[in-house]
Structures are given as C-alpha cells and as structure tokens.
Amino acid sequence: MSRSGEDPDHNQTPTSDDIVDDGDDYEEEEEEVSEESELREQKARMEHLFHRISNDTVPLRVHDVLIKGNIKTKEALIEAEIQSLREASSVQELLKAASIANARLQRLDIFESVNITLDSGPAELPGTTNVIVEVVEYKNPLSGDIGVFSRPEARTWSLEGALKLKNLFGYGDLWDGSLVYGWEQMSEVSAGVYLPRFRGFPTPVTIRASLSSQDWLKFSSFKEKLAGVSLGLLSTKNHDLAYNLSWRTLTDPSQRASRPVRRQLGHNLNSALKYTYKIDKRNSPLRPTKGYAFVSTTQIGGLSPDSRCLRFLRQELDLRCAFPLGFYNAALNFGVGVGVLFPWGSGFRSKPSSLLDRFYLGGNFSPVCTLGGPTSVLGFKTRGLGPTELRRKVNDDSESSDSHPGTDFLGGDLAVTAFADLSFDLPLRVLREAGIHGHIFASAGSLNKLSENEYRNLSYQKFRESLRSSIGCGVIIPTKLFRMEVNYCHIVSQQATDQGKTGVQFSFSPPST
Amino acid sequence: MDEQEGKMLTLVARKACFGLPTACPSCLPVYVFLKFTGIPFLFNYNLAYPDSVQIPYVETGECYVAYNNENGGVIDTLKQDGIADLDSGLDAIPEWISMKAMITSWLADAVMYELWMGSDGTSARKIYYSDLPWPISKFLYYKQVTIAKQLLGITKENADQREKEIYRKATKAYEALSARLGEDLYFFESRPTSLDALLLGHVLFTLHALPETSDLRSKLLSHTNLVKSADCFMSNYVNTSNSTSGLQSGDPLSSGSEFQSYQSTSKFGGGSSNWRSNPRSKPKREKTEEEKTFRRRAKYFLVTQLAAVLIFLSLIGGSENVDMELDNDDDGSIYG
C-alpha cells in the first residue's frame, strides 16, 4: 500500500545545526521508516493473499512430494495415504488434502509424529510447490495394554491384556497378542495382524487366530471350546465383511445335560461369512436424544466343499430411533430387534439348529446402549427366558428324591425384542452436571424354536403367548470408570420356567462404547 | 420322534457300519445286552463326538441317563437301578469275575491296539471319523493314536515287545474262554448273561469290523465255537429284521449312516468256512528298520535344505538393504 499526500510541516527550511543533528536522526529515521514500510508491505501482501485464498481459487500445482524420516516404513505405504496431495490443483485443495493426509498417516498408528510442510517449487516453474512429509517412527515398536472392555459379541465384560508390535515389517502391519478373561467364565488367547494395505484390497485386512473357552454349565449344561481363524476382508464405516473358520467343541463335564443338549455334544466345523451393515446417526451412543440407527448382520455358515461343515443362515436386524422432547433434556428412545436362525441343506426342516448359534435373551444390558440384534429384556437374568428342557436327574444321597433336576435354557431360532425408554434430567443441578439422569422404560421379548419342524406349530396366537415383558424406572450414573444403572424392574408377564425377577437391579457397562 | 424317544429306552451309540448296527467296540456289548433282555429300544447315533467317554449311554423316561463312564458302565448301572438284570447273582462267582477281567482288560487292549496301531486305520476312520470334516477328523485320529499308545504303554523302544505281549494275552484269553464255553451257546445255565454280552460284543467287532489282514481276527477265527455263537446271535437277533425284541425305528437309515443287513451263510456246524483270514507277513519287522533309517536321512536332508534357504534369504535381504541406502543417498543429494 503506498502513501498518498504529504504533510505540510515537512516543507520548512532546516537551519545548519539542525541539518548536522538532523542528518543522523534523519538517517536513523530513514532506516526505521524503510523497515516499517517493508513490514507493512509484507503484511499487505499476506492480507491480499489470504483475501484471494478465501475468495478466489488460487491455482497451485504440486511439483513433487518428498518423504523424510521413514527408516523402516515402506514408501509405497506412505505414498498410498497421501495420494490426494498430488492431485490438488489449488491452494485451498492442497491445504485440505494436506490435513486429510496428515490424519490418515496418524491413523496408521505407526508414527510418533507426522508433519506436512509446503515449500516453494523450483524457480523455473512458477505456481508449483514441493510438499515435504516428515514422519517420525516409533523408537520402540512394542507396547502393552491392559484394561476392562465390553465385548459386543459375548455381551459381557472382560479383562484384557494385550501386547502390540507396530510396523514390524514396514508395511504398517500391527501385530498383537492378547489374553482375555471374561465375566461369564470365558477365557481367550488370540493373536492377530492388521494390514492397512494388502495387495489390491481397498480397505484394511485383519487376520486373527484365537483359542477360547466359555462355560455355560450353569445355564445350559455345556462348555464351549473354540479354535479358529477369522479374516476381516472389508471394513469401512458402514460395511464389514469377515470370514470365520473355527473348530468348535461342546462338552458336558457335569454329565447333567438335558436331551437336546446331549444330542449336540461333540465337534463341528464352522466355515461362515459374516456381513454387517451399520448406520448410526444418533447424537450419542450412550444417551441418544436425537437420530436413528440401523444394524443388519447376516451370517452364512457351511461355505466349504465339505458337506459335513455346519450349515446355517442367521440374520439379525436392529432399528433404533430417538426423539427429543424439548424439556429437561428428555428423549424418547424406541428400538426393535429381530433375529432368525435356520439350518440349510438336505433335510433342513427337520434338522436341529446349532446350540452355539442360537439366540439367547437375558442379562442386565441396557437396550439403549447395546446396538446389534436382540439381546436382553430388562429384569430377566442371563439366558433367563425361552425354551427350556429338564436336566438329567442324578440320584445323590444328599438330595431328596423330589428335588428338581434343574432346567437347561436352550435358546431359540426366532428372537424378537422391543423397548421404549424415556430418559430425562433430574431436577437437581448437581446431578445434572454430573450427567446423572433418570429413565422410565418398558421392554418385551420373545424366543421361539423353528427348527426340527417346529415352525409348523408357530402361529400368531402362540407367538403372542410367548411374549415376555417388563416395565420399570431407574437412575443412570455415568462415571469415568463405568456407567452404572440402578433400575427397579417389574415383570409384567413371564413363563413358569423363566428367570425374571421383580426388584432392584444393578447393571454396569463401559463408560464409552 | 421326540415323543417316542421320551417313552422308550434309547441307546445312543456310534455309527453303524460293517454290517453291524453299531460298529464301536464299547457300544456293541451294551447293544447285545439290551437285545438279550428283550426290552424294546430305539437307536440314536452320535456321529460328532468320537473321543467322548460318555458314549454309549442309555436314556429312558424324562431324566434318566446311564452313562458309560459312571458306576462301572452302562450294563452295571442298569443292573443297579433295577432296569435290566440278566445275571441274578452269577456275577459274584470267582470264575465270572476272572472271565470278565480277561475280556475287559486283555481283549479290550488287543482291540485298542488293533484299531489304532495294528492295522492301517481304515476301520477306525470309518467308525469314528467318517462324519466329521476332514481337518477335525485328521487331528482327532492322530490324537487318539497317541492316547492309545500311552494307555498301552507303547514306546518306540518296546513297540515290538508290547505287540507280542498283547497278542499273547489275547490268544490265552481266547483259549480260556473257548474252553469254558465248549459246545454251549452261553456260559452259564444255558441262558444269556451280561458276560455273554461282553464277549459277543468283542467277537462281533473283531470278526466284522477289523480287516481280513488283522492278526487278532485270524487268531479268533481258529476258535470255531466263539465264531459260531456270534453267527448265532446275528441270525437270531439282528438279521431277523423288525423282530419285536429290538425296534430300530429307522434310525440307522434316517441318520444317514449305512446299515447293510448281513446275511451270514455259515451253518452252525460249518464254523469258519466263510470267514477269510489273510494275516500280514513277517518281513514287516525288517521293513521297520529300513523305514527308521530312511526317516532319519530324510530329516537330515530337510534340515539342510531349510538352512540353505534361510542363508540365501538373509544374503539377498542384506544386498537389497545396501541398494536401498544408495538410492536414499542419491535422493538426498538432489533435494538437500
């Protein structure tokens, strides 16, 4: 910006003394003035540039991308994550692409820090820039982890300890070995690898081998052992495709199992493909007040040339919506979950479905927070509702001859759950600030058998009669370590063999999903 | 089917094959016993649990089960619980106890050896693993062979010696039992007892399920009265299809397992004329020595090859690193 007009005071004729003294001052002043004017010019130029960037498209081409700091990591991996930088044709696009590239490189979880700077391009090519990507790899690739997590598949808490090796071969590979001990007598040892770029696969690939055992003796008189490999083929925000090959064994060390469980004891090989589609537009996974969510999980078992593998088709659907009510931060949540399991292959109508793949309802899991198929009806214990069968009677001297042998919960092939939940802030400000809120809920569920020709006997009347329901109210207390719910449940309808209990119940879930 | 199962006695046993309603050596005695009692029963086949110690078991009513690994076995449990008893006090006789001991130890050991080590394994695979997927059946088969070796106390050093001992004891048992049986069909009082069931179970298995090359089978064939009693059982109880004393309710066919009714053409006096035996020749022992040398040499060869591959890979890997460093330096000089 140039100065316009002159000050009239500067036109006075100076005296000789003034000239001598003023000469030095004048020189100093000149220097200051020239520095100041330079700064002002630069500032003006920058302002002009920002103005152009924010209003016009400033063309700029990327001449070259330089990658520095990668000792072990293969260049191809970093190149693949910063591909969008090369295609930028303006400053705006370049800045956006740079921030995306930075985030992607950070997400690989193999660098301590990532820095992307824009340098001027070669002098002979105006309008170009060189992009410098500086990465700092982890000095120590080994890291450990121990914590308490929730497992969506088993719907239980578990204590997990894991060791991780990052970027062992320079392909961004993340190796981990973990030991898990679960609440419901479950234990697992597993090892896996995560490859962000595997050959031509568009999304990361995970391979996991695991050995696990789960004890269901108390509920269904069997123990489950599993040795398997799972391959995650596709994993994006909404889609997930995985293949699972596992050898499963059911045993009954108690020797008290009921007939349907006895018939299924033994080994089977499960070769199944699982596809999950998930969309979650709720504003919060733990206390949704607005939005909807939908999950669909499809599993096809028996994908193998060997016809002796377990053949089944399993489909789960879960739909949720939340509506804000505008007062006391209240919201109404609705949810419906449906699950169907059916064997396929020759004679599929009369074949029994596998005990391990059936649906089991029950447990103190908040239906609002657990997304993914029919899981629980509040007020009923773990595996506490559905078809049952009498266990074997053992004539012990200590037991009377009239004692009940107990029942096995067998799960079902058709599971339906539904809930309605009204959550609201409590009147006290202290409680509101702590996030403690109350809720009133109603939940219902039904579990039926379809296999072994039982689907012929299922009518609408019978389905209605098989519905169990409960209502209640409670308080939710979120803390840093866990989320606690204290609920009073009243069982409205249940069957004689169910394990629903009216009363106060506590349930704990992780602080965040 | 479930309603029928609830009302009638059900025997849960392993696969039917080789012309037998169940070909497992521990299930056959229970089957024979139930046939002798005349109680109608249903079959249910468990084809997925070959390593279970609970099978065979018998169910009746809503909640009663007699497992193989409790109270001395299924037959003893049924006797104790008053469901079926053929022995009426005979089982306390010392002679009974010693014969039972011979059958349940010497002959049982011989069958275990023959199934898992003495033959090529086709009988074992067919009976126990033919309905399991390939990876599982392979693993379980080799696991069972190891367990059988441990139970019989067989190691690489004493394998030949143990084999001889097992066959010697089996031969003695056959001689003693054959001498005691004589021309009768049953051991005691001309009526079937659980001891006859135990012996017949063993004999039926050895004759039908073991291959013709089996040494044990050829030893058994030399005792014609034992073979005759087995043939008699087959014709009186098994091959009279749909006899009132044993309803098989189509289970063998509906479970998908094969049950070819076997028509024995041997007459009661004809003895072993229709039973062929083709025992293995003795050069097997020398072959074992050759095999051992071959295996040792093969092991050395494989180890050498593996070491060569590893050295080659590490050398190649080293030269690649050198090239990479040179490239990086070049890049540095242009843009530094």
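**Close-up views of a predicted model**

In chain A of this predicted model, residues 24 or more positions apart account for 56% of the contacts with a separation of 6 or more.

**View 1. Chain A is built from helices and strands.** The count is eight helices and 21 strands. The radius of gyration is 33 Å, well over the 24 Å that the globule rule gives for 513 residues, so chain A is more spread out than a compact globule. Along the principal axes, its C-alpha atoms fill a box of roughly 130 × 60 × 40 Å.

View 2. The accessible surface comes to about 28,400 Å². Carbon and sulfur atoms hold 57% of that area. Buried residues make up 41% of the 513 residues in chain A. The chain carries 58 positive and 64 negative side chains. The centres of these two sets lie 22 Å apart.

**View 3. The largest nonpolar core has 104 residues.** Six of its residues touch the most other members: F222(A), L11(B), Y31(B), F36(B), W116(B) and F233(B). Helix α4 of chain B, residues 94-118, gives the largest share of this core, with 11 residues.

**View 4. The surroundings of L11(B).** Which residues does L11(B) touch, not counting those up to four places away in sequence? The list includes V30(B), Y31(B) and L34(B). Also on it are F41(B), L42(B), F43(B) and N44(B). P56(B), Y57(B) and V58(B) touch L11(B) too.

Key. Residues numbered from 1 in each chain as written. Chains lettered and ligands numbered in written order. Predicted model: local features only at pLDDT ≥ 70, side-chain atom pairs only at ≥ 80, totals over all residues. Heavy atoms only, no water. Helix = DSSP H or I, 4+ residues; strand = E, 2+ residues; numbered from the N terminus. Rg over C-alpha atoms; globule rule 2.2 N^0.38 Å. Buried < 20%, exposed > 50% of the residue type's maximum accessible area, 1.4 Å probe, protein only. Contact = heavy atoms within 4.5 Å. Areas by Shrake-Rupley, 256 points an atom, 1.4 Å probe, with all protein chains shown as cover. Lys, Arg positive; Asp, Glu negative; His and termini not counted. Charge placed at Lys NZ, Arg CZ, Asp CG, Glu CD. Core = buried A, V, L, I, M, F, W, Y, C linked by side-chain atoms within 4.5 Å.
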